[in-house]
Amino acid sequence: MTNATTGEDFWRDYPLVSERYQAGLLSGRDWDTWRGNRLRAVLRHVTARSPFYARHLAGVDLDTVTPDTLDRLPFTTKDDLRREMHGVLSGTPADALIYYETTGTTGASTPCPRDAKDIMSSNVHVEWAWRRMFDHYFDGRRPVIGLMGPSELYAFGDTFGDVAQRLGACHVKIWPESPRVGFRKALRLIRELDVEVLVAAPALCLNLAKAALQNGLDPATDLPVKLFTVLGEICTPAFGENVRSIWGADVRPALYGSQEALAIGTGCHLDRLHISGPNYLVEVLDPDSEASLGRYGTGELCLTMLVDGIKPLIRYRTGDLVTVAPNSCGCGGPGDVVEVLGRVADRVAIGTGRYRPAQIESAVLGGLSRCLGYQVVIDTAPDGGDTLTVYVELLADGDGSRDRDGLSARLTERFGVPARVVVTTELDPITNTGAFVSWKAARIRDNRDGSDDDDVAAAARAAAAAHSLRS
């Protein structure tokens, strides 16, 4: 293996490393060589080509930095990206092949262009993951895939469209939120094209079911969907089981990533996400003290990217709460596994505890089936403590009364505060937005003084106002 410091070396070495990685053939020595060489290449690259990193890393003796001494480098934060904008890039947008931006729903949109190295090294891991997923579910044949996500200025459609074509699978871009598609047309195309796989955010699994019911269709019997592969927000096992109770279809992770950091991890049929190992150095941080906990543990995910593309990030604090662990998965895929627990900013104080989004969702949906949506409302009781009211929308044939009584008791025990459950047919429309703006804004209404983030809540309300399941 060469030092992989030049463009020619990278294009020669990366496919070989990737194939050996997927086959589980990289030794400890191989990993040490790859990570060390790639880190040196990226640090040279960003300090030579990125105005931000030239300043940000100016006081560091980069020759002394190794994968084991990353704490000698300063963090990169989302505030840095918003402040510096194009100054973070290692080059100009003209050096890229395609230009994307973050959504900008809760702050300035930041540039996220990708060059040929970025696209190849990220998409190849999605391709391998889908090969294994489809071999498991479809015995080697290629299903028709419906892509239900934004494409303009966003990598979703390009990434999955590219991978589907590489696999020889037909795909159709049918994001229901698009004014050119809408839910009625999406449902028609799913039926006409016999779409068996849908790629979407988890909330869309429920929104699409609602739209189907409003159009006189039973999701489980009238639509051919066999598999949802989801991304963009947390998807707990409880959420997946709930979706199965409505659709009769499995729910598996598609990938975990972002516009800034690309495809960090890819999903498998055993519900795990596998980190794209050749592309990142991973750290887990204590989200409060910022201390590095090392490669494994529970905390905030921090990434150093190992591909010297157009926007490699150094010690980038993702803002995501995760658990990273060695690979003990039986799916056959490589890479350490990462469980996404929600955003650091989405942790919610209830009673005497502070809870992650995944803990809250699991508590709510773990006692329900055939649930089309939920919202947790937190109020202050007369004695100054907290109270919970959980609003749930259930299918008409669901066991609403039985589930409601049992869930109230479970929630009271879980969070240590009085809790009640209200079954409704008119959930707050903000719940339809999922994590398009913020999981917390969509699922939690906090009526306690000083608890809400007004800017995020306003953005979520605006998204809800533009949302219609009947179009």
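**View 1. Arginine 354 forms a salt bridge with aspartate 288, with the closest N and O atoms 3.9 Å apart.** Arginine 354 lies in strand β14 (residues 353-355) and aspartate 288 in the loop between β9 and β10 (297-305), so the pair ties together parts that are 66 residues apart in sequence. Here a salt bridge is a side-chain nitrogen of Lys or Arg within 4 Å of a carboxyl oxygen of Asp or Glu. Helices (H or I, at least four residues) and strands (E, at least two) are DSSP runs, numbered from the N terminus. The model is predicted: local features need pLDDT of at least 70, side-chain atom pairs count only at pLDDT 80 or more, and totals for chains, interfaces and linings use all residues. Residues are numbered from 1 along each chain as its sequence is written, and side-chain values use heavy atoms, leaving out hydrogens and water. Arginine 354 counts as exposed, at 51% relative accessibility. Aspartate 288 is exposed too, with a relative accessible area of 55%. Buried means under 20% relative accessible area, exposed over 50%, and partly exposed in between (1.4 Å probe, protein chains only).

**View 2. Glutamate 196 and arginine 141 meet through their side chains in a salt bridge (2.9 Å, N to O).** Glutamate 196 belongs to strand β3 and arginine 141 to the loop between α5 and β1, so the contact ties together parts 55 residues apart in sequence. Glutamate 196 is buried, at 4% relative accessible area. Arginine 141 is partly exposed, at 42%.

**View 3. Arginine 12 and aspartate 13 form a salt bridge, their closest N and O atoms being 3.5 Å apart.** Arginine 12 is partly exposed, with 42% relative accessibility. Aspartate 13 is buried, with 5%. The structure holds 31 salt bridges. Elsewhere, Glu241, Arg244, Asp250, Arg252 and Asp271 are linked in a network of them.

**View 4. Seven strands form an open sheet: 7 strands in the order β6-β7-β8-β12-β11-β10-β9, with antiparallel pairing.** β6 (255-258) and β9 (280-285) stand at the edges with a single partner strand each, so one side of each has no neighbour in the sheet. From one strand to the next, the twist averages 45°. Two strands pair if DSSP finds at least two bridges between them. β6 and β7 (residues 262-267) run antiparallel, joined by 4 bridges. Tyrosine 256 has glycine 265, in β7, as its bridge partner.

View 5. β1 (residues 144-147) and β3 (residues 195-200) run parallel, joined by 4 bridges. Isoleucine 145 has valine 197, in β3, as its bridge partner. Axes are lines fitted to C-alpha atoms, for helices over the stretch in contact, and angles run from 0 to 180 degrees between N-to-C directions. Contact means heavy atoms within 4.5 Å.

**View 6. Aromatic pairs number 12 in the structure.** The rings of tryptophan 130 and phenylalanine 134 have centres 5.2 Å apart and planes at 40°, so this pair is tilted. Rings of Phe, Tyr and Trp (its six-membered ring) pair if their centres lie within 6.5 Å; planes under 30 degrees apart count as stacked, over 60 as edge-to-face and the rest as tilted. Tryptophan 130 and phenylalanine 134 are 4 residues apart in helix α5 (residues 116-138), so about one helical turn separates them. Both are buried. Trp130, Phe134, Tyr137, Phe138, Phe156 and Phe160 form one aromatic cluster.

**View 7. Arginine 35 lies over the face of tryptophan 31, 4.2 Å from the ring centre.** Arginine 38 places its charged end over the ring of tryptophan 34, at 5.7 Å from the centre. A charge sits over a ring if NZ of Lys or CZ of Arg is within 6 Å of the ring centre and within 35 degrees of the ring normal.

**View 8. Serine 90 sits in the loop between α4 (78-84) and α5.** Serine 90 is buried, at 2% relative accessible area. Not counting residues up to four places away in sequence, serine 90 touches His45, Val46, Arg49, Ser50, Gly309, Ile310 and Pro312.
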